[in-house]
Amino acid sequence: MVDETGTLLAKRRITDDAAGYRVLLELLAEHGDTPDDPIPVAIETSHGLLVAALRSGKRRIYAVNPLSAARYRDRHGVSRKKSDPGDALVLANILRTDMHAHRPLPADSDLARAITVLARAQQDAVWHRQQLVNQVRSLLKTFYPAALDAFQGKQHGLARPEARAVLTAAPTPARAAKLSVTQLQAALRRAGRVRGIDTDARRLREIFHGDYARQPQGVEDAMGHQLAAFIVQLDAACRAADELAEAVEESFRKHPDADILLSFPGLGVQLGARVLAEIGDDRDRFADARARARARARARARARARALKAYAGSSPITRASGRKKFVGRRFIKNDRLITAGFLWAFAALTSSPGADAHYRRRREAGDWHAQAQRHLFNRLLGQLYHCLQNRQLFDEHHAFTSFSAAPAVAA
């Protein structure tokens, strides 16, 4: 702890448990910490039990990027020495000298923070599921190409319930060739199929009786055991993704911003929850010192919208030095938000004539696909910020006034 002049007031090591948090709060109270005027704290993380303990009340928590803290450390010495007390002193001095240049953790509601946890967990589960699908596909290529042909081209492919059910019943080509139409029908029913069972069962039996290269029987059986283990993991990953998706939907629909997000073209429940999870519901989150100093509300809103776009990585960044100037995409950004943004922009092309016209105009101007998508996401994000601030639903005619899809009339 330091005062305004940089004088060290206190230094103590705490444990990472309830007793340690209590010691820290008592130490803060000894030096003037009150509920109405809490002492701000700098820390190198934005989550965890310590952050939760400190966020009670009006306290401002500043999550300083470790890379930024490392640059500040060089201001106090060039010997490259490092210690925990030294790092703590650096963080304290960052707030003392440059608090205005850093943003505190947003004051999101508990519901928004819960949606953040669930949406990120669901996204991680989807990524994990796809990793397992890739592993299964790679294994099938080495000894079981008939299974790839059986489910190739179908939505979700090897992650489909019927694909997992059939591979569980027949983890090797030899066992698949012995399956009867009746057994295949039973496997499809166990997977939840109710239509086209007979046709699909006959199709699968024909594929499994096809002419394919085979591994030696011993090797094939060993690979079958490996495939069975993968399918068990894939089943668990699919269930986890589905259950988390249900939890995301239940929480997201309770949020007051849900209707606004769902009014935008290309945003469904899961994608809308991911966007909300990353931008939060603190309306002052992206305000900076310059925006607060300006008198006009419209100027403040534009500044906050620009900060949001920079945070998402949708707006370009300028690097200028002397006669050199470069304008390009951002590399430091919220990766989860930009990933959701690309999916959002792509889905909006088929549901919004204005978004499609905007994308095509950017393509005609020379942008490649990702550039045009990022530009469209940048525009949609600005419109979303406006709608959230003013509690308005998306309006196609107001959002894309210059690209209104009016029918051509011959004069």
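A residue counts as buried when its relative accessible area is under 20%, with a 1.4 Å probe and only protein chains considered. Ser 314 has a relative accessible area of 4%, so it is buried. Please keep in mind that this is a predicted model.

Where does Ser 314 sit? Its place is the loop that runs between α15 (297–312) and β3 (317–321). The side chain of Ser 314 makes a polar contact of 2.8 Å with the side chain of Asn 378. Leaving aside residues up to four places away in sequence, Ser 314 touches Lys 309, Ile 338, Arg 374, Phe 377, Asn 378 and Leu 381.

Now turn to His 255, which lies in the loop between α11 (217–252) and α12 (258–262). Its relative accessibility is 4%, so His 255 also counts as buried. A polar atom of the His 255 side chain lies 3.0 Å from the backbone nitrogen of Asp 257. Beyond residues up to four places away in sequence, His 255 touches Ser 109, Leu 111, Ala 112, Ile 115, Leu 276 and Asp 281.

The next stop is Val 64, found in the loop between β2 (61–63) and α3 (66–76). Is Val 64 buried or exposed? With a relative accessibility of 3%, Val 64 counts as buried. Val 64 and Glu 44 are 20 residues apart in sequence, yet their C-alpha atoms are 5.0 Å apart in space. Glu 44 is also one of the residues that Val 64 touches, along with Ala 42, Ile 43, Ala 69, Leu 91, Ile 94 and His 102, when residues up to four places away in sequence are not counted.

Let's step back to the whole protein chain. Its secondary structure comes to 19 helices and four strands. The radius of gyration is 28 Å, well over the 22 Å that the globule rule gives for 411 residues, so the chain is more spread out than a compact globule. Along the principal axes, the C-alpha atoms fill a box of roughly 80 × 75 × 50 Å.

Of the 411 residues, 42% count as buried. Among contacts with a separation of 6 or more, 62% come from residues 24 or more positions apart. The chain exposes about 23,700 Å², and carbon and sulfur atoms supply 53% of that area. Finally, the mean positions of its 65 positive and 44 negative charges are 7 Å apart.

Technical notes
Residues are numbered from 1 along each chain as its sequence is written. This is a predicted model: local features need pLDDT of at least 70, side-chain atom pairs count only at pLDDT 80 or more; totals for chains, interfaces and linings use all residues. Side-chain values use heavy atoms; hydrogens and water are left out. Helices (H or I, at least four residues) and strands (E, at least two) are DSSP runs, numbered from the N terminus. Buried means under 20% relative accessible area, exposed over 50%, partly exposed in between (1.4 Å probe, protein chains only). A polar contact is a pair of N or O atoms within 3.5 Å; within protein, one must be able to donate a hydrogen and the other to accept it, and residues adjacent in sequence count only if both atoms are side-chain atoms. Contact means heavy atoms within 4.5 Å. The radius of gyration is taken over C-alpha atoms; the globule rule is 2.2 Å times the number of residues to the power 0.38. Accessible areas come from the Shrake-Rupley method with a 1.4 Å probe; for residues, only the protein chains shown count as cover. Lys and Arg count as positive and Asp and Glu as negative; His and the chain ends are not counted. The place of a charge is taken as NZ of Lys, CZ of Arg, CG of Asp or CD of Glu.
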